[in-house]
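The stops below go from the whole chain to a pair of elements and then to a single residue.

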Amino acid sequence: MNYVAYKRKPKTDFGIEVRIFTAQTGMTVKELADKTGVKYITLVETTTGRCAGHKVIPTVRRFMEDYKQRMEV
């Protein structure tokens, strides 16, 4: 049997950070986008390297750090 390979874009380092954060918090990527004020598709494209994300990455990282600190208190 021949199977067609499923083309999947590998995650960038930032994409891996986002996946780890969402797994730890139970938050979806869509919720993360909504809470950071970033468009969902832009966030997804940034995690796969299709979008540079010069403004997106610092914004999302800042939110993830702040969220982790609030949850620890």
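Colour the chain by secondary structure and follow it from the N terminus: the elements run α-α-α-α. That gives four helices and zero strands. The model is a predicted one.

Stay with the whole chain for a moment. Its C-alpha trace spans about 55 × 25 × 20 Å along the principal axes. Of the 73 residues, 30% count as buried. Among contacts between residues at least 6 apart in sequence, 53% join residues at least 24 apart.

Next, select residues 13-25, helix α1, together with residues 56-72, helix α4. Their axes lie 11 Å apart and the helices pack at an angle of about 30 degrees. Angles under 35 degrees count as roughly parallel, so α1 is roughly parallel to α4. The crossing of the two is left-handed.

Show side chains at this contact. From α1, pick Phe 14, Glu 17, Val 18, Phe 21, Gln 24 and Thr 25. From α4, pick Ile 57, Val 60, Arg 61, Phe 63, Met 64, Tyr 67 and Lys 68. Coloured by class, the contact shows eight nonpolar, two polar and three charged residues.

For the last stop, select Thr 22, which sits in helix α1. Is Thr 22 buried or exposed? Its relative accessible area is 8%, so Thr 22 is buried. Setting aside neighbours within four places in sequence, Thr 22 is in contact with Met 27, Thr 28, Val 29 and Leu 32.

How values were computed: Residues are numbered from 1 along each chain as its sequence is written. This is a predicted model: local features need pLDDT of at least 70, side-chain atom pairs count only at pLDDT 80 or more; totals for chains, interfaces and linings use all residues. Side-chain values use heavy atoms; hydrogens and water are left out. Axes are lines fitted to C-alpha atoms, for helices over the stretch in contact, and angles run from 0 to 180 degrees between N-to-C directions. Angles under 35 degrees count as roughly parallel, over 145 as roughly antiparallel, 65 to 115 as roughly perpendicular and the rest as oblique. A crossing is left-handed if the near helix is turned anticlockwise from the far one by less than a right angle, and right-handed if clockwise. Contact means heavy atoms within 4.5 Å. Ala, Val, Leu, Ile, Met, Phe, Trp, Tyr, Cys and Pro count as nonpolar, Asp, Glu, Lys and Arg as charged, and the others, Gly among them, as polar. Buried means under 20% relative accessible area, exposed over 50%, partly exposed in between (1.4 Å probe, protein chains only).
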